[in-house]
Amino acid sequence: MNATTNWMNGVIAALLGIIMIARLRAMYQGSKKMLIFLVVIFLAINIVCGAMLAMGFEHIVGEELLLYGIYECTYSYEHGVQRLIIMVWILNMVWEVLALCLAIWIAIKHFRELRGPSTACTVRDCFTVLIQTHVLYFAIFVAASCLHIGFLSRKISDSWSLGAETYYGILHICSVVQKFLLGPRLILGVREYHAKLQANCDAGTDIASMVFQERVHVSTSNGV
């Protein structure tokens, strides 16, 4: 179960990375150079992380505990495994920091280049939505990463106190929010903005057509 959970987390992290690459490619107007750069960095980090996880799983030892007359299964890390897990999280943080910096840089660049009042507002609003969802996702990811790294401490992982259980619960909440709530919001936020923009455009077209028809009716009634 522990191995399955960790591999699932790796697959979900890879899927979120693909979503991030698609967002950044769109923000950089489909630049092939940026796409190649992101794919190379993404593959390098994920290949290294996958190799480290595979090495770490070979040194995880299952244990059986007897607590208050109830048998429970648990696991412990052998020497060196914790360092591999910490390196995996650090590499993932490097990828997220790189993605955030690229997103903020291109957003600032576009804000400076925009001049037209109508088009500029639309593009500025779109980039604002992209940055807001990205920053919120990044903040929760950093919190979850720090909690995961802290949980590798023997004082926390081997403790059965109320504080350790609370820490473990907060860690799981942050992980779920980051992967299954804020991750999909990276797509849904843009789709909602696009739908709202399309609705506003359709409403503006309907109003314009109504005004045009009204003017035509008035002119024909006067016989002009």
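Okay, quick definition to start: a residue is buried when its relative accessible area is under 20%, exposed when that area is over 50%, and partly exposed in between. Keep in mind that this is a predicted model.

You'll find Leu 197 in helix α6, which covers residues 162–221. Now look across to Cys 126: Leu 197 and Cys 126 are 71 residues apart in sequence, and their C-alpha atoms sit 9.6 Å apart in space.

Next, helix α1, residues 2–27. With 26 residues at 1.5 Å each, α1 should span 38 Å, and its end C-alpha atoms are 37 Å apart, so that agrees. Several residues of α1 are buried, among them Ile 12, Leu 16, Met 20 and Leu 24. Here's a handy thing about helices: there are 3.6 residues a turn in an α-helix, so residues three or four places apart point the same way.

Gln 29 isn't a glycine, yet its phi is positive, about 55°. Is Gln 29 buried or exposed? Exposed, because its relative accessibility is 65%.

So how do α1 and α2 sit together? Their axes come within 11 Å and cross at roughly 175°. Anything over 145 degrees counts as roughly antiparallel, so that's what α1 and α2 are to each other. The contact includes Trp 7, Ile 18 and Ile 21 from α1, and Leu 38, Phe 42 and Phe 57 from α2. Sorted by type, the residues of this contact are 13 nonpolar, four polar and one charged.

Methods: Residues numbered from 1 in each chain as written. Predicted model: local features only at pLDDT ≥ 70, side-chain atom pairs only at ≥ 80, totals over all residues. Heavy atoms only, no water. Helix = DSSP H or I, 4+ residues; strand = E, 2+ residues; numbered from the N terminus. Expected span 1.5 Å × (residues − 1). Buried < 20%, exposed > 50% of the residue type's maximum accessible area, 1.4 Å probe, protein only. Axes fitted to C-alpha atoms, helices over the stretch in contact; angles between N-to-C directions. Parallel < 35°, antiparallel > 145°, perpendicular 65-115°, else oblique. Contact = heavy atoms within 4.5 Å. Nonpolar A, V, L, I, M, F, W, Y, C, P; charged D, E, K, R; others polar.
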